[in-house]
Amino acid sequence: MSEAYFPVGPGLGPEENFLSLDDILMSQEKLPGRAESSLPRLAFALGQGAAGGSGDSIPEGSKLEIPMWLAKGLHDSKRRIISVELPKIYKEAWRTVFSADANVVDLHKMGPYYYSFGSQLLNFDNPENPEIAQTILQTFISRFRRIMDSSQNAYNEDTSMLVARLDELERALFRAGQKGLNDFQCWEKGQASQITVSSLVQNYGKRKFTDMDS
Amino acid sequence: MAAAGGEGPGPEAAGGGEELELTPAQLIRSLEQAWLNEKFAPELLESKAEIVECVVEQLDHMESNLKRAKAGDLKVSVHRMEIERIRYVLSSYLRCRLVKIEKFFPHVLEKEKSRAEGEPSILSPEEFAFAKEYMANTETYLKNVALKHMPPNLQKVSLLKSVPKPNLDSFVFLRVLERQENILVEPETDEQREYTIDLEEGSQHLIRYKTIAPLVASGAVQLI
Amino acid sequence: MAGERAVGLVRELQRAAGGHLPPFRAEELRQALEEMRALYERNQADVSEAKAGRTDLIFLIRFRHCCLLRNQRCIVAYLYDRLLRIRALRWEYGSILPNAIQFHMSAEEVEWFNRYKKSLATYMRSVGGEEGLDLTQDIKPPKSLYIEVRCLKDYGEFEIEDGTTVLLKKNSQHFLPRWKCEQLIRQGVLEHILS
């Protein structure tokens, strides 16, 4: 990791950071919705061209899949033209699974932005909001311990298995833990004062070699 | 050794108007305090331009002393090492401030704009110039490459709104230098109520930055 | 779906981990801007129709406006994050970038970099006495004045102090003043050996 590159991090809670690449990719994830009235000239734009057979308009009651950014932009509590439903991982059945044992869930496969996407869902006035918020928080609390332990105990080993089932926020946490561990080990071995080659230089160096090989 | 840099005014005492002469040891200690506070505070702290200026003078002074010393004198390498260490702390301190200035530039400049007459500035004049150039450079770049090619109603992006603010709710470790009473702590959950605490001298705490930000500024606590 | 090109730029950048700078995608950027122009024009036309009574088009207009905002956000975030990566290069390489990297930058990015370099140089000259203070040095706390280094590539003559020079040849080892070597180590010319 370059020590001089400080990217804009994701926003906190229901906030998004406009410039955060993480937040942009998170809000690209889709959620199920329904057209509450007929929507002219929108079928192709929403990638529903073939369905329905009614030209370029979306008939009332059609099921839709729309990205979070669009759902947020179109959300209007007064006139509901598109209604938004919960993705199944935030629904009651899955909430029960999480409360039983949050550690068994593959949050990468189900997410990979489980926490931040879930926090965004709170922007829609869903009656289940308190339960969703509670589940997200509890899930984090019950998984945190294991993530911290594994990031502090894996020194100099392949960690791809350890992070495979983690969501993006958890992976960032894991990396932070690993960096702390590595820095501490360096310090213990008296290497903390060693001046090292910039990681960017290292990366480009490797590149150059592969370029020459090919 | 004489006070910092020999002649010239010493750093002003925080808040007070009168000038205070510091011994070199005190000067280096105040640099180290400013450095640690800056390293651990989420926001840009008040500029300590006077301390920086005095430390620079002190370094120059030590350098010229070294030039006069005999080669091969054992004391030379000890002094040389001392210079290197002070220069490291000074560079690290200024670097840390530059990183924050670049990270929060629209907010830093906004704060400077709304600063009341007589209130201490968070930026040194040189940092202020740097921040203004950084803002202008970035705005011009975004405008020329993308924004001016966008539809008329989308040609403006407020950097003040889009560059994130420092997170004052983040938690910091601190050591108490001067005893404090009745510090109001905001609740962390809905079930909690706000409450007050006393901070005993020498005690250490983990606390929300916002709660103790004024104490960092006044020098009553040290971030660690 | 609208916005795909712009988010593609963001996705590619995010995949380049560790602050690495991928090539500037001028063509994709142009296409994303073109998409915005088209969306805007269609909206202008539909606004006229809506004013003439087609109120069922209002939702469509809103939809396109969302797409426009999304494109704007992706493009600005893409450009801004690249600036942050380019900024890191100044701190890790020094003020002259290798051709391989400059090749990945647009002309406007090079211009931004040059201005950044200049502001930084002005700032660094203004602090720290006569010669200024090079803040890109002294990244780690010093342990000793002299350090043992091994040369990783042929570099040539290198001035250390008071006009004394050493010849930096591949695989040669030297005992040099720490503050003179830091940049060469970070650039990968020398390697710091711990005793």
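This is a predicted model: local features need pLDDT of at least 70, side-chain atom pairs count only at pLDDT 80 or more; totals for chains, interfaces and linings use all residues.
How much of chain A is buried? Of its 214 residues, 30% are buried. As for how the chain folds back on itself, take the contacts in chain A with a separation of 6 or more: 62% of them link residues 24 or more positions apart.

Now for the partner. Where chains C and A meet, chain C puts in 45 residues and chain A puts in 38 residues. On the chain C side, the elements giving two or more residues each are α1, α3, α4 and α6 of chain C. Which of them gives the largest share? That's α3(C), with 20 residues. Here are their spans:

| Element of chain C giving two or more residues | Residue range |
|---|---|
| α1(C) | residues 4-15 |
| α3(C) | residues 58-93 |
| α4(C) | residues 99-102 |
| α6(C) | residues 178-186 |

What is that side of chain C made of? Its residues split into 26 nonpolar, 12 charged and seven polar.

There's also a record to look at for chain C. An unreviewed UniProt entry lists residues 55-127 of chain C as "domain: GINS subunit". In the model, that span is 82% helix and 0% strand, and its end C-alpha atoms sit 63 Å apart.

How values were computed: Residues are numbered from 1 along each chain as its sequence is written. Chains are lettered from A and ligands numbered from 1 in the order in which they are written. Two residues are in contact if their C-beta atoms, placed from the backbone, lie within 7 Å. Helices (H or I, at least four residues) and strands (E, at least two) are DSSP runs, numbered from the N terminus. Ala, Val, Leu, Ile, Met, Phe, Trp, Tyr, Cys and Pro count as nonpolar, Asp, Glu, Lys and Arg as charged, and the others, Gly among them, as polar. UniProt positions are given in the numbering used here, feature names are shortened, and annotations may be inferred rather than shown by experiment. A residue is buried if 20 or more other C-beta atoms lie within 10 Å of its own, exposed if 12 or fewer, and partly exposed in between; C-beta atoms are placed from the backbone.
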